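Good morning, and thank you for joining this group meeting.

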Amino acid sequence: MTKTPRHRKNKKYRAFWLFVKIQLALLLLVAGAGLYYTFGGYGEEVRALKREAAAAVRASDKETFRDNQTGIVYAADGSVISTLKGGRESYYLTREEIPEQAAAAIISIEDKKFYRHGGVDYRAIVRAVLAMLENGRVTQGGSTITMQLARNCFLTQEKTWQRKVEEIFIAWDLEKKYTKDEILEFYLNNIYFGNGYYGILSASRGYFDKETAELSLSQTAFLCAIPNNPTLYDPLVNMEHTLERRDRILLNMKEDGIISERAYKEAVAEQIWLQRPPGHEKNDYVETYAYYCATRALMEEAGFVFETEFATREAEAAYREAYEELYSSCQKDLYTKGYRIYTSLDLGMQERLQAAVNDTLGGYEEVNEEGIYALQASAVCIDNQSGYVKSIVGGRLQEYNGYTLNRAYQSYRQPGSAIKPLIVYAPAFERGYTPDSIVTDEEIPDGPKNANGRYQGEMTLREAAENSVNTVAWRLFEEISPARGLSYLAEMNFSKLDAEDYRQTSALGGFTNGVSALEMAAGYAALENDGVYRRPTCIVKIEDADGNLICRPNQTEKSVYRKNAARMTTDVLTGVFTRGTARGLGLSQMPCAGKTGTTNDQKDGWFAGYTRYYTTSVWVGYDMPRGMDALMGNTYPGKIWQTYMEQIHEGLEPLAFLPAAQLSEEYLEKQREAAEAAETPAGAGGTD
């Protein structure tokens, strides 16, 4: 369509008024800052910040941007699990050694005016302020490369006006002392690329096992996508996000005239395969979980409150943004501040759990297109006395240098009937049922079928639990209500509950997202612990390089189930091993309680169980869910559980579970009446 004079005139006016708005915003910002500075009583504080900034930059030299300390992670017996190195000294590139495509990519996405401004891009700051006012929260940054360097090397990540002011002062002084090329060199050697990689050479070797000069254009842009938010764009967890930002960087480079249309199309079409360098396979699952727990411990020490349910999508988005920013900052501290991280992890138990997984699934050698075993497993063991994680396996070990998820806490799968004790049986016992209560197994119109396709009529609740009768669980869950049943999981911080889960199918484990092996282990450990939940972690304490205590995670106990309900649940779960779906999987000398779980089409198999000493949960299935005829809770998952638990209980004194109190019928009736009268929340929330 041909543009009329009116169209051109309107476009001209819009551009004019946009210019006016920007100028007014700048004027208001400057005027406001002047009034704040003059009359707010902060003039001296700002002058002090300026002096501090000048002193910090004056004391710096090129070695300032190469320095870091080495941290150490310890197992429960004091042996070293791993060391944490930022690696700046051995992974440093001079400006001449930094490929031009890497410099161009990072400038294109982070700071287009880098070579034109004096350290601060005032228009970018105004844009960020206007966007914040429009959206109600920070949606874009205004920091230049120089300001980011100032923040990363001289300041903390806290969001205060003082830090922002000092960041600007440092950026000004850095631009006066160092050349643009030197600042870019410092920046590309110091920015964080996630997973312990500082600097672009460290990231090149860590993610691709290549020198930076050997990277393709697509791989270079892929790496440059990460530093903006190393948690959101973590390629090990959020590959699709990293690829989206890579494509945005490549588009910017094309529009800026840096690369051709052909180069752009070829780079976007290129598939990205991560390649872990040789020698990094040992203790992979232990290390990743230890780093995850340590990072969250530092976040908690900083006052962050972990949440699992949100009132609105906007609230969830704001939470995720705050979480990712602080997580990246705290993870950076792990690799640069020389912390001593003491864990509860037992490397002997870890070796046994890993061997149980490897040996049980050893006959399945099919691999996916990345060369990773198709049939996988995850497992977690918790010490019931302390509540700490003792061992964690996120998959099968194999000769492979690429990356794979730690499925034990990063993957979520349908739990099947293994969820029943947590949301059906224990809640039912709180409502006045007992193991000997009579329930009816009968066909339910439009309801679930039993696994064997038969209905047995009247039976005890104990028998229904032992044989995992679906119709009984369905009826009980209907009586309890999905909202009430799932509130127990929310209280125990199951992190992937969805609004769609508040429905009847959840009684049989039909969740939208699923659960992790770590969450299941913590939930079953709460049953053993008389209904008291403890948030799972492996971090005992963190100290600085001089031995000063940084944090000691608080093992806060939360009563989720009534003691007697938890003990009744344990009582019926002991029968699963003697008369139920796990016959033959019990331990030779040790009393144990547990539950099998198998999902529709046998895509997921679960076994979760415990003794007085330990709780272990096991998942088996394909990463890309598909059915497997031989997969049920009492086959591979049950075998892994039995093999491992038998070994770690060798030499331990047999301990019987504590009995439930014998309650009168009058008391039970009062419990039922109280439960029926109580208001049921429509989806209770939970925080750590």
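This is a predicted model: local features need pLDDT of at least 70, side-chain atom pairs count only at pLDDT 80 or more; totals for chains, interfaces and linings use all residues.

Residues are numbered from 1 along each chain as its sequence is written, and side-chain values use heavy atoms, with hydrogens and water left out.

Let us start with the whole chain. The protein chain has 23 helices and 14 strands; these are DSSP runs numbered from the N terminus, helices being H or I with at least four residues and strands being E with at least two. Of its 688 residues, 53% are buried, where buried means under 20% relative accessible area, exposed over 50%, and partly exposed in between, with a 1.4 Å probe and protein chains only. The chain exposes about 31200 Å², and carbon and sulfur atoms supply 51% of that area, by the Shrake-Rupley method with a 1.4 Å probe, where for residues only the protein chains shown count as cover. Among contacts with a separation of 6 or more, 71% are between residues 24 or more positions apart; contact means heavy atoms within 4.5 Å.

Next, the cores. In soluble globular proteins, nonpolar side chains tend to be buried together. A nonpolar core is a set of buried Ala, Val, Leu, Ile, Met, Phe, Trp, Tyr and Cys residues joined through side-chain atoms within 4.5 Å. Which residues touch the most other members of the largest nonpolar core? They are L422 and L489, in a core of 122 residues. A second, separate core of 53 residues includes F65, I145, F208 and F222. Returning to L489, and leaving aside neighbours within four places in sequence, this residue is in contact with I419, L422, I423, F494, L497 and F511.

Now for two loop residues. Most residues other than glycine have a negative phi. S481, although not a glycine, has a positive phi of about 90 degrees, and its place is in the loop between α18 (470-480) and α19 (482-491). Is S481 buried or exposed? It counts as buried because its relative accessibility is 18%. N493 also has a positive phi, of about 60 degrees, and is not a glycine. N493 lies in the loop between α19 and α20 (517-528), and at 8% relative accessibility N493 counts as buried.

Finally, the spaces. On a 1 Å grid over the protein atoms alone, a cavity is a set of points where a 1.4 Å probe fits but cannot get out, and a pocket is an open set with protein on both sides within 12 Å along at least five of seven lines; lining residues have an atom within 4 Å of a point. Grid points are joined across faces, edges and corners, and a volume is the space filled by probe spheres set on the points.

The second largest pocket holds about 920 Å³ of space. Of its 37 lining residues, S417, A451, N470, T598 and T599 are the closest to its centre. Strand β12 (residues 593-598) gives the most to this lining, with three residues.

How many cavities of 30 Å³ or more does the structure hold? There are two. The largest cavity has a volume of about 70 Å³, and α20 and β8 (532-534) are the elements that give two or more residues to its lining.
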